[in-house]
Amino acid sequence: MRVELCYGTGRLPVEIASDRVTVLEPTPVDGLPDEAAAFREAVRRPIGGRPLRDVVRPHERLAVAIPDITRPLPSSRLLAWLIDELANVPDGQWTIVNGTGSHRVNTEAELLAMVGPEVMRRLRVVNHSAHEPAGLERAGVTPDGRPVFLNREWVQADRRIVLGFIEPHFMAGFSGGYKGVFPALADIDAIMHYHRADVIGDPRSTWGRLEDNPTQDIIRANGSLVPVDFCINVTLNRNREITGFYCGETLQAHRAGCAAASRTAMVSCDRPFPVVVTTNSGYPLDLNLYQAVKGMSAAAQIVEPGGLILAAARCNDGFPAHGNFRSLMIGHPGPQAVLDTIMAPGFSMYDQWEAQLLALILLKARVGLFSEIPADEVRAAHLEPVADVALRLADEIARRGTDTRIAVLPEGPMTIPFLAGELP
């Protein structure tokens with residue numbers, strides 16, 4: 001059987017020498033025939049709120065939060081339509097805030113590619129940095145009394161609009177909604193507390209679960225510390241075409257978008273698979289290994305204990321080089337040691353959450369990685385380097401037998417596979 005895996009900016013064809021292959025992918029949804037018209041309809045007839053034009057006055061300072069380079073939101077198109085819709089707001093009143101969360105700030109060239117030359121020319125576009133106190137302002141306190149700082153441009157604005165892309169998320173259930181504010185615009189201390197080990201390890205912090213999810217609860221509580229006046233969320237298909245707009249009051253619009261995403265993304269399986277092939281849905285999600293954990297996590301939902309996960313993720317940005325993810329993974333003799341360190345009382349380190357999740361996956365299954373990361377680096381992180389996906393599959397089939405069942409997730413974390421009876 002021939003399958004095509006999302007990889008980088010293209011497709012990776014793989015011939016699988018087996019007839020026991022199950023391909024699991026989202027229900028195909030056509031892109032909207034006229035995205036701009038659909039945008040106008042969505043913001044003029046919003047979910048649970050006033051039309052966008054009635055929200056922002058010309059004299060008010062407007063902050064618009066967008067996701068960073070690791071998310072495939074078509075920000076340039078959305079911002080162009082948004083500027084047209086709010087043509088009565090002078091250019092000097094706008095600030096576009098790039099929500100990097102704990103990720104690195106994006107380069108000028110990356111920002112230009114994200115927002116487009118017209119927006120870069122006309123409007124002020126700034127990177128958020130979780131690590132620079134000068135760019136932060138106290139927004140409030142968490143329910144347990146901890147201070148939360150958010151981007152100063154965001155806090156000081158008179159009106160705030162958040163843009164986001166709704167997709168399955170391995171901790172928050174789904175992305176989008178208030179996640180475009182928290183952790184996207186938060187300080188590193190608040191992000192660390194949000195990503196603490198007991199929250200990440202809670203079984204309710206998982207794919208497809210929106211309510212009674214400790215991770216999502218924190219997102220909503222902290223993201224709403226200063227008012228969000230309008231939410232613009234979209235769903236996309238594998239061609240990065242917009243399939244739906246969910247705009248208006250943040251919680252109501254987000255819930256509607258998540259319900260739609262759930263109907264297309266969730267796929268039931270009657271039993272686990274010995275082998276699962278996955279991706280991280282290509283560029284920009286497969287830029288680095290840190291992000292590629294998401295595709296591995298999707299596969300881990302349906303792999304047999306002790307089975308094999310084969311992940312194809314380009315990882316041209318490495319682990320990445322910045323942060324502590326790499327040092328946490330290669331600085332321990334195995335995944336259990338990684339977990340022991342992270343779960344130790346009082347331990348707290350930036351990026352520990354991704355290392356925790358990868359370690360849990362590695363304790364359940366073997367993980368092979370086809371990527372641009374050097375083989376010795378992959379081994380040091382306790383994964384198996386894979387030079388050829390088809391050959392590695394052939395070896396596994398030869399070892400296990402020709403009746404070995406194989407699942408393939410061509411779009412990786414865009415699909416939420418689950419075992420029947422274990423719906424999140």
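Predicted model: local features only at pLDDT ≥ 70, side-chain atom pairs only at ≥ 80, totals over all residues.
Let's start with a sheet. Six strands line up in the order β6-β5-β4-β9-β12-β13, and together they form an open sheet with mixed pairing. Which strands stand at the edges? They are β6, covering residues 124–127, and β13, covering 242–248. Each of these has a single partner strand, so one side of each is left without a neighbour in the sheet. If you step across from strand to strand, the twist averages 20 degrees from one to the next. A helix also rests on this sheet: α1 (residues 35–44) packs there and touches β12 (230–236) and β13. The direction of α1 makes about 20 degrees with that of β13.

Strand β5, residues 94–99, runs parallel to β6, and 4 bridges join the two. To find one of these pairings in the structure, look for Ile96, whose bridge partner in β6 is Val125.

Next, have a look at strand β19, which spans residues 406–409. Is this strand covered or open on its faces? Both faces are covered: Ile406 and Val408 are buried on one side, while Ala407 and Leu409 are buried on the other. β19 also has pairing partners. One of them is strand β3 (residues 21–23), which pairs with β19 in the parallel sense over 3 bridges; there, Val23 has Val408 as its bridge partner. Strand β15 (residues 273–279) pairs with β19 in the parallel sense too, over 4 bridges. In that pairing, Val276 stands opposite Ala407.

Val367 sits in strand β17, residues 366–370. Buried or exposed? Its relative accessibility is 3%, so Val367 counts as buried, given that the cut-off for buried is under 20%. Leaving aside residues up to four places away in sequence, Val367 touches Met296, Ile309, Ile361, Leu362, Leu383 and Glu384.

Two of those names, Met296 and Ile361, come back in the next part, where two helices meet. Two packed helices are described by the angle between their axes and the distance between the axes. Here the pair is α11 (residues 289–300) and α14 (residues 352–364), which pack at about 35 degrees with their axes 10 Å apart. The way α11 passes α14 is a left-handed crossing. On the α11 side, the contact is made by Tyr290, Val293, Met296, Ser297 and Ala300. On the α14 side, the residues are Trp353, Glu354, Leu357, Leu358, Ile361 and Lys364. Sorted by class, this contact has 8 nonpolar, 1 polar and 2 charged residues. Why might you see steps of three or four in such lists? An α-helix has 3.6 residues a turn, so residues three or four places apart point the same way.

Stay with α11 for a moment. How many of its residues are buried? The helix is mostly covered, with 12 of its 12 residues buried. Lys294 and Gln291 are among them.

Most residues other than glycine have a negative phi, and most peptide bonds are trans. The peptide bond from Phe182 to Pro183 is cis, with omega near 10 degrees, and Pro183 is in the loop between β11 (173–174) and α7 (188–194). Another cis bond joins Tyr283 and Pro284, with omega about 0 degrees; Pro284 lies in the loop between β15 and α11.

As for phi, Arg240 is not a glycine but has a positive value of about 65 degrees. Arg240 is in the loop between β12 and β13, and it is partly exposed, with a relative accessible area of 23%. Cys315 also has a positive phi, near 55 degrees. Its place is the loop between β16 (303–312) and α12 (325–330), and with a relative accessible area of 2%, Cys315 is buried.

Key. Residues numbered from 1 in each chain as written. Heavy atoms only, no water. Axes fitted to C-alpha atoms, helices over the stretch in contact; angles between N-to-C directions. Left-handed = near helix turned anticlockwise from the far one by under 90°. Contact = heavy atoms within 4.5 Å. Nonpolar A, V, L, I, M, F, W, Y, C, P; charged D, E, K, R; others polar. Pairing = 2+ DSSP bridges. Buried < 20%, exposed > 50% of the residue type's maximum accessible area, 1.4 Å probe, protein only.
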